[in-house]
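Work through the exercises below with the sequence and the model open. Each task is followed by a solution in steps.

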Amino acid sequence: MNKKILAGFILFFLLIVSLFLYLIFYFFIMDKPVIFNTSLDPNHMKFDNIDVVFVYDDLQWDETTIKNLCYSEDINSMQSVVDWFGEESKRYNKSFSPKLKCFENPIKLPKDITKSKGKICLKGGCETQPLDSEKVILYIRNNVEGVTNDNILQIIYLVSESEQFYNNAIQSYFTSFIFVKKNSGSPFGLYGYSGETVAHEITHIFGANDKYIEGSYAPCCKADPITGKEYLGEDIMCHRKIDSDGICTGIELDELKISEETAREIGWIPIV
């Protein structure tokens with residue numbers, strides 16, 4: 001047989017084998033990509049559920065803590081956050097009343113994910129995150145049975161004492177990330193967790209912008225670029241007030257609201 005023909009036959013055979021192996025890898029081994037319903041407009045808040053998933057790597061979650069965080073009557077519980085959104089939506093003649101769906105069995109993340117650090121970039125520069133948020137989201141949405149792509153996903157990650165973190169929302173994945181550390185003096189014994197923090201991050205998913213100023217002293221909130229007036233401290237996107245010493249302090253969820261400025265950003269009232 002002609003050597004060129006033989007070489008061509010071998011090359012063709014190798015290409016067929018490579019394609020076959022790739023198809024096996026794609027369909028049976030590799031995680032499938034998350035397919036989101038692109039017709040779902042987050043500004044209109046057409047979500048059925050808020051799926052809450054608890055994740056960890058070394059420090060294990062406590063079963064009682066998870067149940068209290070989800071369903072207790074405490075103002076910081078996830079149920080209180082859902083109820084708060086429902087009441088705020090009524091003020092704007094909207095109906096936002098998703099059901100709370102807590103996955104009470106915490107998820108231990110694989111080592112290849114926990115070793116993969118992420119980054120979050122703020123005005124002062126970029127900081128390392130304990131996790132690559134996108135990898136965690138894809139892992140949960142692809143591997144945790146019952147998590148639905150068309151729902152809001154709230155991930156609460158228990159980190160070690162030494163790690164630094166920034167909470168964040170990823171609008172394109174309808175996902176909010178809250179990082180917590182064990183601390184007996186905080187709500188549910190978790191430093192970094194509060195009802196207003198969760199509500200703030202979820203409102204980011206719908207298109208709202210931050211209205212607070214980094215730092216401890218007044219002013220606590222940014223100024224409206226149109227009117228020049230400082231945004232309300234009671235707005236969920238600022239959630240800060242000045243105490244008697246002139247220091248900016250947090251405001252609990254039951255004292256907060258969605259201001260008209262934020263309502264415009266999330267599509268509850270028309271932009272004027």
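**Exercise 1.** How do the residues of the lining of the second largest pocket divide into nonpolar, polar and charged?

Solution. The model is predicted, so local features need pLDDT of at least 70 and side-chain atom pairs count only at pLDDT 80 or more, while totals for chains, interfaces and linings use all residues. Residues are numbered from 1 along each chain as its sequence is written, and side-chain values use heavy atoms, with hydrogens and water left out.

Step 1. A pocket is an open set of points on a 1 Å grid over the protein atoms alone, where a 1.4 Å probe fits, with protein on both sides within 12 Å along at least five of seven lines; lining residues have an atom within 4 Å of a point.

Step 2. The second largest pocket holds about 250 Å³ of space, a volume being the space filled by probe spheres set on the points, which are joined across faces, edges and corners. Its lining has 10 residues, and Asp224, Ile226, Tyr231, Glu261 and Arg264 lie nearest its centre.

Step 3. The lining divides into 5 nonpolar, 1 polar and 4 charged residues. Here Ala, Val, Leu, Ile, Met, Phe, Trp, Tyr, Cys and Pro count as nonpolar, Asp, Glu, Lys and Arg as charged, and the others, Gly among them, as polar.

**Exercise 2.** Determine how many residues of α6 are buried, and what they pack against.

Solution. Step 1. Helix α6 covers residues 195–205; helices (H or I, at least four residues) and strands (E, at least two) are DSSP runs, numbered from the N terminus.

Step 1. Of the 11 residues of α6, 11 are buried, so the helix is largely enclosed by the rest of the structure. Buried means under 20% relative accessible area, exposed over 50%, and partly exposed in between (1.4 Å probe, protein chains only).

Step 2. These buried residues pack against β1 (49–56), α3, β5 (152–158), β6 (168–170), β7 (175–182) and α7 (260–265).

Step 3. Alanine 199 has a relative accessible area of 0% and touches Val81, Trp84, Phe85, Ile236 and Leu253, not counting residues up to four places away in sequence. Contact means heavy atoms within 4.5 Å. Histidine 200 is buried at 4% relative accessibility; with that sequence exclusion, histidine 200 touches Asp210, Tyr212, Ile236, Met237 and His239.

Step 4. After α6 comes glycine 207, with a positive phi near 110°.

**Exercise 3.** Which residues form one aromatic cluster?

Solution. Step 1. The whole structure contains 9 aromatic pairs. Rings of Phe, Tyr and Trp (its six-membered ring) pair if their centres lie within 6.5 Å; planes under 30 degrees apart count as stacked, over 60 as edge-to-face and the rest as tilted.

Step 1. The rings of phenylalanine 85 and phenylalanine 96 have centres 5.6 Å apart and planes at 80°, so this pair is edge-to-face. Phenylalanine 85 lies in helix α3 (residues 78–91) and phenylalanine 96 in the loop between α3 and β2 (99–108), so the pair ties together parts 11 residues apart in sequence.

Step 2. Phenylalanine 96 also pairs edge-to-face with phenylalanine 206, at 5.6 Å centre to centre and 80° between the planes. This pair links distant parts of the chain, 110 residues apart, with phenylalanine 206 in the loop between α6 and β9 (240–242).

Step 3. Phenylalanine 96 is buried at 2%, and phenylalanine 206 is buried at 0% relative accessibility.

Step 4. Trp84, Phe85, Phe96 and Phe206 form one aromatic cluster.
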